[in-house]
Amino acid sequence: MKLPNDARFGTICIHAGQEPEPATGAIIPPIFQTSTYVQDALGKHKGYEYGRTQNPTRAALEANIAALEGGRAGFAFASGMAAIGAIASLLQAGDHTVVTDNTYGGTYRLFERVLRRYNLEFTYVDTSKAAEVEAAIRPTTRLVFLETPTNPMMQIADIARVAEIAHARAALVVVDNTFASPFVQQPIRLGADLVIHSTTKYLNGHSDGIGGVVVATGEKEIEWLRFVQNAAGAILGPFESWLVLRGTKTLALRMPQHNANGLALAQCLARHPKVHKVFYPGLPDHPQHELARRQMRGFGGMLSFELGSLEAARAVLDHVRLMALAESLGGVETLICHPATMTHASVPDERKRRLGISDGLVRISVGVEDVEDLKADLEQALARV
Ligand SMILES: *Cc1c(COP(=O)(O)O)cnc(C)c1O
């Protein structure tokens with residue numbers, strides 16, 4: 001079994017990083033649930049010494065996701081936040097980072113409440129406007145940290161344009177690609193240096209594990225991340241690694257359905273008289289619709305919409321039957337949530353207002369159910385508004 005060099009995405013999903021296991025021929029990489037490895041003699045081992053440092057199941061997943069993103073190496077961590085923490089370890093005291101202003105709430109919390117204590121600086125800008133990124137870069141800027149589409153306002157950053165700007169000023173570009181998945185968008189091919197994922201979302205795809213991964217391209221970053229993964233130790237366990245590896249096998253099947261269902265629900269909501277506004281890059285009135293068409297393959301399964309008040313949002317959230325009221329996203333089942341009080345509860349009120357995360361905003365992670373059932377569920381919940 002050999003993966004051709006020009007293998008296409010759907011083939012890479014299934015085969016990259018995975019060889020039949022040599023002892024038995026098992027086609028699926030086993031869960032190597034072990035803390036240590038017996039050595040043949042003093043100073044003589046098979047390349048495996050200790051479970052934090054090396055694990056074959058984790059290594060298979062890392063190679064798989066690195067291939068999916070077109071990167072050179074992957075590093076799997078205990079959560080998406082641990083992966084972002086590993087990226088942050090590339091910084092030194094005094095360094096500055098430019099960040100997407102409506103970034104994931106947990107990322108904002110890590111940067112503002114934890115990392116600022118270590119004399120690191122962060123500036124938040126609307127990264128859908130390349131000129132704002134350019135204006136925010138300082139001589140001390142080491143990283144530009146992009147999220148596109150953003151959560152929950154679904155703004156799109158021009159990754160290639162931002163990469164040009166950042167590289168001209170010797171800064172690295174990191175893209176949190178969690179919302180899109182590598183099926184929809186591959187930031188490294190557009191010029192990004194590092195990609196992070198919360199594998200908890202589309203890569204796992206089945207809402208049954210927490211994890212994160214960093215994919216890197218540069219030799220220096222790869223060497224440092226390998227060192228930090230072992231030195232700080234926030235590794236993904238073998239069972240969680242196996243679950244994500246099982247998830248990526250069907251990524252190329254799941255994503256077209258997330259894309260189709262996302263677009264269909266966005267269009268349905270855009271026509272609904274009780275909905276004030278829909279935020280989805282696949283709608284022609286989205287401010288970066290043309291960019292999204294160029295940069296993305298489909299528009300993903302995430303959307304949000306404005307109902308005008310907390311009461312209206314509550315009516316929908318309390319009356320959906322098929323959709324589950326829950327945080328998180330990217331699983332096969334449809335989840336609905338209230339960003340202001342759930343996923344973005346840790347963002348200060350004034351900041352939420354500025355970003356448009358109002359009390360009437362509802363977010364949906366559109367799953368892969370039959371879309372007619374999803375439409376009917378929303379219809380009957382909206383009738384309660
Ligand atoms: C969920 C998420 C994270 C954090 O990942 P965890 O696995 O929950 O730690 C980071 N970024 C984005 C965009 C996310 O959706």
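Here is a friendly chat about some features of this predicted model and the reasons for the words used to describe them.

Me: Let's start with Asn 64. Why is Asn 64 called buried?

Reply: Buried means under 20% relative accessible area. Asn 64 has 0% relative accessibility, so Asn 64 counts as buried. You can find Asn 64 in helix α2, which covers residues 56–69.

Me: Which residues does Asn 64 touch, leaving out those up to four places away in sequence?

Reply: Asn 64 touches Ile 12, Cys 13, Ala 16, Gly 17, Gln 18, Leu 245 and Thr 248.

Me: What makes the pairing of the side chains of Asn 64 and Thr 248 a polar contact?

Reply: The cut-off for a pair of N or O atoms is 3.5 Å, and one atom must be able to donate a hydrogen and the other to accept it. The side chains of Asn 64 and Thr 248 make their contact at 2.8 Å, so the distance is within the cut-off.

Me: Which residues of α9 are buried, and what do they pack against?

Reply: The buried residues of α9 are Pro 238, Ser 241, Leu 243, Val 244, Leu 245, Gly 247 and Thr 248. They pack against α1 (9–15), α2 and α10.

Me: Moving on to α10, how do you know whether α10 is roughly parallel or roughly antiparallel to α14?

Reply: The axes of α10 (residues 251–270) and α14 (residues 371–382) come within 10 Å and cross at roughly 30 degrees. Angles under 35 degrees count as roughly parallel, and that makes α10 roughly parallel to α14. The crossing is right-handed. From α10 the contact uses Asn 261, Ala 264, Leu 265, Cys 268 and Leu 269, and from α14 it uses Val 371, Leu 374, Lys 375, Leu 378, Glu 379 and Leu 382. These residues divide into eight nonpolar, one polar and two charged.

Me: Next, a strand. Why does Val 173 count as buried?

Reply: Set the value against the limit: buried is under 20%, and Val 173 is at 0% relative accessibility, so Val 173 counts as buried. Val 173 is found in strand β5. Not counting residues up to four places away in sequence, Val 173 touches several residues, including Val 144, Leu 146, Val 162 and Leu 194.

Me: Thr 200 is in a loop. Why is Thr 200 called buried?

Reply: The limit is again under 20%, and Thr 200 has 9% relative accessibility, so Thr 200 counts as buried. The loop runs between β6 (194–198) and β7 (212–216). The side chain of Thr 200 reaches the backbone nitrogen of Gly 211 at 3.0 Å. Thr 200 and Ala 78 are 122 residues apart in sequence, with their C-alpha atoms 9.9 Å apart in space.

Me: What makes Ala 170 exposed?

Reply: Exposed means over 50%, and Ala 170 has a relative accessible area of 64%, so Ala 170 is exposed. Ala 170 sits in the loop between α6 and β5 (172–176). Its phi is near 65 degrees, a positive value in a residue other than glycine.

Conventions: Residues are numbered from 1 along each chain as its sequence is written. This is a predicted model: local features need pLDDT of at least 70, side-chain atom pairs count only at pLDDT 80 or more; totals for chains, interfaces and linings use all residues. Side-chain values use heavy atoms; hydrogens and water are left out. Axes are lines fitted to C-alpha atoms, for helices over the stretch in contact, and angles run from 0 to 180 degrees between N-to-C directions. Helices (H or I, at least four residues) and strands (E, at least two) are DSSP runs, numbered from the N terminus. Angles under 35 degrees count as roughly parallel, over 145 as roughly antiparallel, 65 to 115 as roughly perpendicular and the rest as oblique. A crossing is left-handed if the near helix is turned anticlockwise from the far one by less than a right angle, and right-handed if clockwise. Contact means heavy atoms within 4.5 Å. Ala, Val, Leu, Ile, Met, Phe, Trp, Tyr, Cys and Pro count as nonpolar, Asp, Glu, Lys and Arg as charged, and the others, Gly among them, as polar. Buried means under 20% relative accessible area, exposed over 50%, partly exposed in between (1.4 Å probe, protein chains only).
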